[in-house]
Amino acid sequence: MDLKCGRSVKLSDGHFMPVLGFGTLVPEGLWATFFRPELVRPALERSLKKLQLDYVDLFIIHVPIAMKSGEELLPKDANGEMILDTVDLLETWEALEKCKDAGLTKSIGVSNFNRKQLERILNKPGLKYKPVCNQVECHPYLNQSKLLEFCKSKDIVLVAYSALGSQRDSKWIDKDSPHVLEEPVLNAIAKRHNRSPAQIALRYHLQRGVVVLAKSFNEKRIKENFQVFDFELTPEDMKAIDGLNRNFRFFKLLFFADHPEYPYSEEY
């Protein structure tokens with residue numbers, strides 16, 4: 001990704017994606033209760049109707065594990081256990097390919113996939129379109145270096161969510177989780193560059209070739225987040241931030257932990 005040539009990256013299918021935020025790009029995610037092939041297009045069409053659009057720019061499989069079909073976001077049994085489903089994701093992927101052919105989405109991709117799961121799609125007999133991106137948790141405490149290297153080798157863009165750590169929602173995040181933006185190394189680098197720790201973390205991702213989703217509801221912070229194109233981190237800065245990696249996840253998706261396709265059972 002060449003930041004000097006613009007603020008978008010060209011995807012493997014010829015379309016473009018902004019390197020910071022989704023900008024004017026409209027994405028849509030297919031949730032795990034709609035993975036059965038016959039449910040994929042109706043789910044997208046329903047979203048398009050709500051959005052009052054004819055198509056989205058990007059349609060992604062949200063997680064690599066299927067749950068019981070239906071309208072419940074997290075279907076549970078009488079014991080409070082998550083009800084999963086047996087769906088071949090290769091068939092789900094074929095349904096996404098058909099949505100692209102039908103003009104309902106420009107590009108298709110995945111989210112929260114590890115290398116093994118990506119390879120399964122890439123090695124699919126008769127594959128028509130490969131994923132243009134893999135959206136995963138990525139920040140200085142989880143820099144996804146091996147997964148990033150693999151994605152680059154396959155011309156798949158790695159998109160970082162929780163790039164600055166996480167909004168600390170107690171329903172999903174342990175209250176004792178570390179605060180990325182309080183990290184002394186980031187703050188020291190920020191002071192040297194007269195920038196904020198958030199700007200340093202965002203710039204770190206961009207220089208590695210990672211597309212960043214930076215979520216904020218604060219107008220000042222939103223503006224600040226986009227002021228990352230007029231400076232560069234030094235090789236020493238990058239090495240120091242690389243050293244912060246501890247493979248720490250804010251989002252562990254523990255309700256899938258016993259599933260054989262649990263994406264975080266492997267290093268990447």
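This is a predicted model: local features need pLDDT of at least 70, side-chain atom pairs count only at pLDDT 80 or more; totals for chains, interfaces and linings use all residues.

Numbering starts from 1 along each chain as its sequence is written, and side-chain values use heavy atoms, with hydrogens and water left out.

So, the core. A nonpolar core here is a set of buried Ala, Val, Leu, Ile, Met, Phe, Trp, Tyr and Cys residues joined through side-chain atoms within 4.5 Å. Buried is under 20% relative accessible area, exposed is over 50%, and partly exposed is in between, using a 1.4 Å probe and protein chains only. The largest nonpolar core has 77 residues, and Met17, Phe35 and Phe59 touch the most other members. Take Phe59: leaving out neighbours within four places in sequence, its contacts (heavy atoms within 4.5 Å) include Leu30, Val40, Leu44, Leu96 and Ile108.

Now the helices, which are DSSP runs of H or I with at least four residues; strands are E runs of at least two, and both are numbered from the N terminus. How do H5 and H8 cross? The axes of H5 (184–193) and H8 (235–242) come within 10 Å and cross at roughly 160°. Those axes are lines fitted to C-alpha atoms over the stretch in contact, with angles from 0 to 180 degrees between N-to-C directions. That makes H5 roughly antiparallel to H8, a label for angles over 145 degrees. On the H5 side, the contact is made by Val185, Leu186, Ile189, Arg192 and His193, and on the H8 side by Asp237, Ala240 and Ile241.

Next, H6 (197–207). Buried or exposed? 10 of the 11 residues of H6 are buried, so H6 is largely enclosed by the rest of the structure. Those buried residues, among them Ile200, Leu202 and Tyr204, pack against H5, strand S8 (211–212), helix H7 (219–225) and H8.

Last, the backbone. Most residues other than glycine have a negative phi. Asn194, though, has a positive phi of about 55°; Asn194 sits in the loop between H5 and H6 and is exposed, at 70% relative accessibility. Asn247 also has a positive phi, near 50°. You'll find Asn247 in the segment after H8, partly exposed at 47%. And Gly209, following H6, has a positive phi near 90°.

Terms used. Angles under 35 degrees count as roughly parallel, over 145 as roughly antiparallel, 65 to 115 as roughly perpendicular and the rest as oblique.
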